[in-house]
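Please open the structure in your viewer and keep the selection tool at hand.

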Amino acid sequence: MSIAQRKEQEKIEMHKKILDSARKIFLEKGYEQTSIRNIASAISYSPGSIYFYFKDKSEIFHELHREGFRLFLSQMKALDVIEDPYERYKALGLVFIRFAQNHSDYYNLMFLVSETGKAEGEGFQIAQEAIEHLSGVIQQCQDQGKFQGLHNKHFTFMTLSLVHGICSLYCKDRMSGFFEKSSEELMLHGYETFIALIESK
């Protein structure tokens, strides 16, 4: 490996180390209480080293936001191989739930940690792309006779709200008082009940 290649590899590793540190601190302290100084302290670097990679904590937060949504959207789009749009619609809800289970740190940053004065940036455009992807699948279902009489955007919002509610309870550990079932059982059976209600209409 050449000197230039080694330096580039070190830069990539440092970038990842900063993001990994920041992710944990944002989740522990929230956006307002997180600072460049405590991100740097967690990886035993000076704050000046962090500024070489990111101009401020907002840029770090947005990068984590983008990472989460890129991963989430890739999992949603992996279902495009399912020909039946209704089967794809049902599978999308399960992708949402499994994403929250397997990547709760990203889920919290994407949906539950607030940034004061946040701007509409690339991360939020990716979030909108995920919403439009779901809306498109619902439209394909409607074109084949499903969900007739329902406004596409309103039904998209209802679907997201229902699944997000399930995932938020899970990520915030608010399920322990429900029916002596495990969190994973409650998430799955709750979503299955939602689907059963749709199919009964």
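The stops below begin with the overall fold.

This is a predicted model, in which local features need pLDDT of at least 70 and side-chain atom pairs pLDDT 80 or more, while totals for chains, interfaces and linings use all residues. Residues are numbered from 1 along each chain as its sequence is written, and side-chain values use heavy atoms, with hydrogens and water left out.

**Whole protein.** Helices here are DSSP runs (H or I, at least four residues), and strands are E runs of at least two, numbered from the N terminus. The C-alpha trace spans about 60 × 40 × 35 Å along its principal axes.

**Helices α1 and α4.** Next, select residues 3-33 (α1) and 57-77 (α4), which pack at an angle of about 100° with axes 10 Å apart. The two helices are therefore roughly perpendicular, a term for angles of 65 to 115 degrees. Show the side chains of the contact (heavy atoms within 4.5 Å); among them are Ile-18 and Phe-26 of α1 and Phe-61 and Leu-64 of α4.

**Helix α6.** Now select residues 104-112; the buried residues of this helix are Tyr-106, Tyr-107, Asn-108, Leu-109 and Met-110. Buried means under 20% relative accessible area, exposed over 50%, and partly exposed in between (1.4 Å probe, protein chains only). These buried residues pack against α1, α4, α5 and α8.

**Glu-132.** Finally, select Glu-132 in helix α7 (residues 122-143). Is Glu-132 buried or partly exposed? Glu-132 is partly exposed, with a relative accessible area of 39%.

Conventions. Axes are lines fitted to C-alpha atoms, for helices over the stretch in contact, and angles run from 0 to 180 degrees between N-to-C directions. Angles under 35 degrees count as roughly parallel, over 145 as roughly antiparallel, 65 to 115 as roughly perpendicular and the rest as oblique.
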